[in-house]
Amino acid sequence: MEKNIAIMLEGFTERMKHVGMFAPILRVENPSKFKELPISSIVLYVLLYMLENKLSLNTSTTKEELQFEIYELVKHNWCPTFTTKEAIELEEWLVSKHLRNHGKAHEFTYFDFEKGEERKHFFHLIEYGERMNVFADHSSETTDFALTSTGLELLFKTKEVFGELRITMSQLFFRKQFEKGLFTDALRRIQEMHTLIEDEKKRIKKLQSSIIKDALGVSQRNDLANMLKQIHDTLKLERDQFRELQNLVEEKINEYHEGRLTEREAEGIHVIQEIGSKLNEAINLHESLFTEKQKTQNIMSDSLESSIVHAFSVYLDFEQEILNEIVESPVNEETLNIISKPLLPFRHKKIFNPLVVFTPQSRIKRKESKAEAIIEIDEETILMLEEKEELERQEQESREFGYVYAILSPLTKKESYTLKDVLTETEVRHPEIYHTIIERQDDFLGFVTELHQAEYNQFEQVPPDIWQKLSGDKKVNRLLIKLTNELPLLESVNNFSLMETDQYYYLGTMRYRNLTIIRGDFYGVGTRNR
């Protein structure tokens with residue numbers, strides 16, 4: 001039971017910090033003047049508006065903008081009698097006093113079961129924007145606010161997008177929107193990526209600053225090295241995703257020039273071209289993260305080297321701290337050797353000492369080689385293993401029959417179709433097979449390759465007592481005969497072929513070359529167009 005509790009408490013501190021960032025929204029107390037207003041909902045709206053400004057205009061939000069937005073929100077959605085003066089008062093209390101907390105960090109107290117002590121988490125949700133000069137006369141200076149990294153993270157968590165996955169999830173949302181033809185939404189998603197990449201850059205620079213100040217300490221260098229490795233792996237994954245998205249946009253533009261776009265898509269070509277331009281900007285900005293990551297690595301190495309040098313450059317009083325201790329407390333010969341060895345010359349002058357013959361000598365003990373025990377397996381265990389292997393083989397063949405059914409059964413009605421058509425139709429007509437394909441993509445693609453390269457490509461009916469006895473290397477033969485027995489119409493088709501095309505299709509987030517499934521044997525005599 002204790003072990004289960006320890007497993008569940010792993011990462012408990014970080015989880016409580018994530019819970020704590022919602023405290024300023026959930027614990028807000030309505031001032032007496034605005035007791036009837038849904039303050040928590042207004043707080044969230046204010047933060048969302050600041051995020052919208054950052055994504056759409058890449059700018060911070062002024063005090064006047066917030067006052068106007070609060071006025072419009074409350075007046076049209078809650079209280080028609082709400083006045084501008086009340087909006088100004090509510091903004092002053094809500095943003096400056098509560099969300100910004102007069103510049104002080106928000107404090108969240110919790111009991112950490114992982115550490116066994118009460119702890120406090122300090123964080124900021126908003127801060128002054130870049131246009132704000134804190135030393136200027138506020139009466140003549142525009143006050144503007146911006147979300148901190150914690151504020152951004154809070155809003156992304158309300159959409160179930162977490163930490164290091166924010167850019168990756170944004171890339172996935174973009175792909176879905178672009179493939180569905182929602183080009184305006186896809187453009188907004190690109191602008192969101194810009195903000196996320198800039199925020200990631202700030203996070204890496206903050207890490208650099210912590211290393212320089214030695215806030216992390218040398219003892220945490222292993223954690224830091226793991227963190228840098230994780231950052232590098234994430235950046236590589238994001239870079240690959242960006243390349244795929246770039247290819248996706250380029251293909252759509254090429255389809256426009258070739259006249260293959262739908263009328264609706266052709267009308268949005270200017271948005272697609274703008275998406276391509278913004279995507280290239282995002283890719284260039286993302287590449288700069290690799291530079292920052294390498295800079296962080298160099299700073300860590302320099303900091304570690306400096307720490308080691310300083311650790312051994314401490315002044316030592318040999319007489320007071322060592323010699324006196326040796327005189328006052330008896331020490332053995334081994335300890336004296338350890339102390340004196342660094343003080344003696346590295347190369348000793350060789351002098352014969354007859355007393356060496358009396359020193360204890362060690363004998364080399366030869367290890368006797370132990371005979372390895374031969375593990376004997378009884379017949380019952382062998383039978384169980386064979387039954388397990390046979391069961392796994394049957395499950396695998398059952399899955400592969402589902403694959404071959406999905407791929408070849410449409411030949412009873414169609415002359416030809418593509419593998420992409422198979423996936424689309426299977427998702428609707430056979431969702432259980434489609435779910436297996438998505439879960440086991442490598443398994444499915446491996447079978448498609450095996451089917452493409454198989455020598456046997458005929459549809460013929462054979463009695464079960466014959467085809468079931470076919471050897472293991474005739475798996476494709478068995479599956480095709482079984483399919484023909486279930487769908488007798490395939491026997492009139494006689495043969496099938498899988499032909500490569502110049503088109504591609506997506507399975508999940510990965511791109512693969514499309515194949516055409518066609519009636520007839522187009523492989524030729526002893527050769528194939530693979």
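Student: What makes the pairing of Arg393 and Glu390 a salt bridge?

Tutor: In this predicted model, the side chains of Arg393 and Glu390 meet with N and O 2.7 Å apart. A salt bridge requires such atoms within 4 Å, so the pair of Arg393 and Glu390 qualifies.

Student: How do you know that Arg393 and Glu390 are about one helical turn apart?

Tutor: Both residues belong to helix H15, and they are three residues apart, which means a separation of about one turn. An α-helix has 3.6 residues a turn, so residues three or four places apart point the same way.

Student: Why is Arg393 called partly exposed?

Tutor: The relative accessible area of Arg393 is 37%. Buried means under 20% and exposed means over 50%, so Arg393, at 37%, is partly exposed. Glu390, at 33%, also counts as partly exposed. Salt bridges with shared partners join Glu390, Arg393, Glu397 and Arg478 into one network.

Student: What makes Arg175 and Glu179 a salt bridge?

Tutor: Their closest N and O atoms are 4.0 Å apart, and the cut-off is within 4 Å. Both residues lie in helix H8, four residues apart.

Student: Are Arg175 and Glu179 buried or partly exposed, and how do you know?

Tutor: Arg175 has 3% relative accessibility. Since buried means under 20%, Arg175 is buried. Glu179 has a relative accessible area of 36% and is therefore partly exposed.

Student: Why is Asp112 called buried, and which residue is its salt-bridge partner?

Tutor: Asp112 has 0% relative accessibility, and therefore counts as buried. Its partner is Arg119, with N and O 3.4 Å apart. Arg119, at 29%, counts as partly exposed.

Student: Why is Phe358 called exposed, and where does it lie?

Tutor: Exposed means over 50%, and Phe358 has a relative accessible area of 67%, so Phe358 is exposed. Phe358 lies in the loop between helix H14 (333-340) and helix H15 (379-408). With Leu355 and Val357, Phe358 makes a nonpolar surface patch of about 370 Å².

Student: Which residues touch the most other members of the largest nonpolar core?

Tutor: They are Val46, Phe82, Ile126, Phe174, Phe178 and Ile275, in a core of 73 residues. Helix H12 (residues 269-311) supplies the largest share of this core, 12 residues.

How values were computed. Residues are numbered from 1 along each chain as its sequence is written. This is a predicted model: local features need pLDDT of at least 70, side-chain atom pairs count only at pLDDT 80 or more; totals for chains, interfaces and linings use all residues. Side-chain values use heavy atoms; hydrogens and water are left out. A nonpolar core is a set of buried Ala, Val, Leu, Ile, Met, Phe, Trp, Tyr and Cys residues joined through side-chain atoms within 4.5 Å. Buried means under 20% relative accessible area, exposed over 50%, partly exposed in between (1.4 Å probe, protein chains only). Helices (H or I, at least four residues) and strands (E, at least two) are DSSP runs, numbered from the N terminus. Patches are made of residues with over 30% relative accessible area and no salt bridge: like charges are joined within 9 Å, nonpolar side chains (Val, Leu, Ile, Met, Phe, Trp, Tyr) within 5 Å. Accessible areas come from the Shrake-Rupley method with a 1.4 Å probe; for residues, only the protein chains shown count as cover.
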